[in-house]
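Subject: Handing over the two-chain model

Hello,

I am passing this structure on to you. Please look it over first, then read my notes below.

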Amino acid sequence: MLRYIAKRVLAVIPVLLGISIITFLLMHFIPGDPVRVMLGKQAITEEVIERVRHELRLDQPLYLQYFSWLYYALQGNLGRSFQMNMPVLYLVADHFAVTLRLALFGLLVSMLIAMPLGIVSAVKKDSAIDYVSRVISTLGISLPPFFTGIVLILIFALYLRWFPSMGVSTELFSIDGLRTMVLPSFALGFSSATMVARMVRATMVEVLEQDYIRTARSKGLKERVIIYRHALKNAMIPVTTVIGMTLGYLLGGSVIIETIFAWPGLGMLMVNAVMKRDYPLIQGIVLFFALMFTLTNLVIDLIYGFLDPRIRYR
Amino acid sequence: MTKPLTRRDYLKTAAAAVGGLVVGGAIGYGAYPALNPAAPKKEVQAPTSFVQGGTLYITYRSPVLNLDPHIMTDEASYGAAQNTMDQLVVFEGNTANIIPNLAYAWEISDDGKEYTFHLWKGVKFHDGTELTANDVKFTFERLLAPETKASYYAYFSSIDKIQVIDDYAAKFILKEPNAIMLAALAAPPSVIMNKKRVEELKGDLSSNAFGVGSGPFKFVEWKVNDHLTMEANENYWAGRPHLDKIIIKEIPERTTRAVAVQTGEIDIGADIPYDMIEQMKGNKDLVTIDDHKIGAYYMGFNCSQPPFKDNVTLRQALSHGVDYGAVLVQFRGHLARSLGPYGPNLWGYPGDIVGYNFDPDKAKELLAKAGYPKGLDVTMHATDWNIDDGQICAASLAKIGVNVKIIHLDAASLDAACSAGKETQLFMMAWGADIPDPDNVLYTVFESTSPINWVHWKNDKFDELVHRARVITDQGERSGLYTEAFKIVMDEAPAAWLHDPGFSWALSRHIHGFQVGPHYQYLLRGVWKK
């Protein structure tokens, strides 16, 4: 088992390397000059622009620039943001906590909606409840988080004044802190909830029609035990994949929710970095996201092992 | 046949869920007023005197990016710097009048090359150090140093050296006369920095600017993309400001900003969507302010490439083909038509200007005269913040036979395309003056060698006029030159000017004394809250 984990962790390295190269090339090939963006539209002379370009080593050949970045990155120095002149590592770490919080709570909301919805739908297949929950599912997938977010703000923050319209609190475990979490988590969680709900329903339906379930019933086991102990656990395997993908999506897709609710997270940082062609920052954030994704996938794979005794890693 | 969930089980679950929601909602509703104790519940009388104290929550339309005045290029950072640091001179409110600030008096030599500033005695930086002429010298030497990469370098490159005459007098010696020197010194990045403190910080102000400035508010903390906190400078040389604390909260989404002002979470919000402004008009607790800047949004013609190269008649034809009224509708009366590069809100504006009106018949006539009787196909480069204007222009041009293909890019790509000037034909752009002086609109945008002359237009007589106006200091004489230059650029129509730059603020009725400067920088020195 440990060997397996070690192998997987090592495998992350070529992935990150590859991603950093692709990101680097993409950044340099899109139009837009980071020096001009950095210096502003003020009547800057060409001389100043060239001088700054030279200082930032942006006039060097691409491969030199990449290897120079790599050399420092391997020592833990991801450079400084062009626009803010702050260390990239510091900025990423600072903003990550917020994004993580949002993604986890979004996932929590997602599960809280999806699991009951999916299970009830499967168990009471083709009943009125099933149809209602499938309608809700469709709504969730069709309504973009942007729309859901703004509507939630208008209803719950402006008209009802139940929750704050924006901002994140530094103390998570306080009434204040939790209240700032509600609307954004829900906006984020709602659309992914439906994907998971449909998956849960589909796999549960399949599992509930299996022979061993019939056997369990004929043994006289209580329905609740059958559903939770036997059916659900088996249905969870494909669902776990979806949850893993959802977490990835939530980590990356939170940019819109972060912008609407004014949460200083990685998504917001990334969007600004790309618009301003802040190369070091872009490179740093993409690397970080890649790392998160690969680690999340590793954890998900390990969870399979727990869920399904037939799966053993060597 | 599976045994379904009993109704009892199901109802129990549902009841728990509903109960949870109700309890949660009750907590939220009950706890809400505690979040914002300043949100008033009763009518407030108009104050007869200033009220001391209170915390102001303000949000701008973009986040603060930088704490170093020399490096910052964005409006939000200007706002933060403006309230924590001081310039030698400042603009009076939102006008172009220059009034004393740290310098109570100044003299300009007859040849326009020497500026001597006399400083107040006893002005202290926030760390207690006294502000002297040495700090003035240090500040501008740092601005001009190549390592600083200062964004305002070009505005001060005419400075040869700065002399410290004594502790309270500094003399700027220029290489040649520069008419906009005083105005440049009043701009947000021209604040005087504490030499001792900057050296302590080893020149790195990226995360901490405490003690660098002498302004009405002291820098306390900055959490990137989240908030910036300032508190009152008890020993401010112009008198302690009324407010105790200011928190600049970053809210990137316009709708959320508007909601936050309406709920009272924020006291002052910038750039509120115009349709929500209309909604707010009925709200007695809110006041809205329209903010206009010097400059204009325009549809530019790339004058270095066909079809607009050397074809003034064609450009004039399209200038008559834009439905300006339609463009203005989206602003619901909050922004006005700009006939030229700037409006009557700045001197040098020709009083007898006519401009290009929307006249499709005249446009078609001129099109034929220009050699395109059947119309033509052109491309238009635009980006998010001007695509609406662009689409409206394109729609009206289509009616006179000019088929516009819109190319929607992101802002940096648009800048790059316009700057290169190879592929653009029509493009949407804007310029708001950094410095409220005609030089900063006419020279900066239309002088043939200027890096942001994106219309790539060249006119020798125009160049001569704006070059000459730069080096003389008599405003009356300069005004005449600019009026003439203005008329030339209008005649040659390198762009079709649409409307002035600006946006609207919404503030709580309990905020008094709020002002905005010519760079969109918010001035909180005189604000009080009741």
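Here is what was found, starting with how to read the notes.

This is a predicted model, in which local features need pLDDT of at least 70 and side-chain atom pairs count only at pLDDT 80 or more, while totals for chains, interfaces and linings use all residues. Residues are numbered from 1 along each chain as its sequence is written, chains are lettered from A and ligands numbered from 1 in the order in which they are written, and side-chain values use heavy atoms, with hydrogens and water left out.

**The interface**

Chain A meets chain B through 61 residues, and chain B answers with 64. Contact here means heavy atoms within 4.5 Å. Together the two chains bury about 5400 Å², with 62% of it on carbon and sulfur atoms. Buried area is the accessible area (1.4 Å probe) that two parts lose on being put together, summed over both.

There are 4 salt bridges across this interface. A salt bridge needs a side-chain nitrogen of Lys or Arg within 4 Å of a carboxyl oxygen of Asp or Glu. One joins A:Glu55 to B:Lys149, at 2.8 Å from N to O. Seven helices of chain A each supply at least two residues to the side that touches chain B: α2 (34-39), α3 (46-55), α5 (88-123), α7 (145-159), α8 (175-208), α10 (223-261) and α11 (266-275). Helix α7(A) gives the most, with 7 residues. Helices (H or I, at least four residues) and strands (E, at least two) are DSSP runs, numbered from the N terminus. By class, that side of chain A has 34 nonpolar, 11 polar and 16 charged residues. Ala, Val, Leu, Ile, Met, Phe, Trp, Tyr, Cys and Pro count as nonpolar; Asp, Glu, Lys and Arg as charged; the others, Gly among them, as polar.

**Salt bridges overall**

The whole structure holds 34 salt bridges over all chains. The A:Glu55 pair runs from helix α3 of chain A to B:Lys149, in the loop between α3 (133-144) and α4 (153-156) of chain B. A:Glu55 is partly exposed, at 36% relative accessibility. The cut-offs are under 20% relative accessible area for buried, over 50% for exposed, and partly exposed in between (1.4 Å probe, protein chains only).

Within chain B, the side chains of B:Arg142 and B:Asp68 form a salt bridge at 2.8 Å, N to O. B:Arg142 sits in helix α3 and B:Asp68 in the loop between β1 (55-59) and α2 (75-84), so this pair ties together parts 74 residues apart in sequence. Both B:Arg142 and B:Asp68 are buried.

B:Asp285 and B:Arg509 form another, at 3.7 Å, N to O. They are 224 residues apart, with B:Asp285 in the loop between α8 (274-280) and β12 (286-292) and B:Arg509 in the loop between β18 (502-508) and β19 (511-512). B:Asp285 is partly exposed, at 37%. B:Arg509 is partly exposed too, at 28%. In chain A, salt bridges that share partners join A:Asp33, A:Arg36, A:Glu50 and A:Arg53 into one network.

**Cysteines**

The count of disulfides over all chains is 0. The rule asks for a pair of cysteine sulfur atoms within 2.5 Å. For B:Cys303, the nearest cysteine sulfur is that of B:Cys418, 12 Å away. B:Cys303 is buried, at 9% relative accessibility. For B:Cys393, the nearest is again that of B:Cys418, 14 Å away. B:Cys393 is buried as well, at 0%.

**One helix in chain A**

A:Arg3 lies in helix α1 (residues 2-29) of chain A. A:Arg3 is exposed, at 64% relative accessibility. A:Phe24 is 21 residues from A:Arg3 in sequence and 33 Å away in space, C-alpha to C-alpha.

Best wishes
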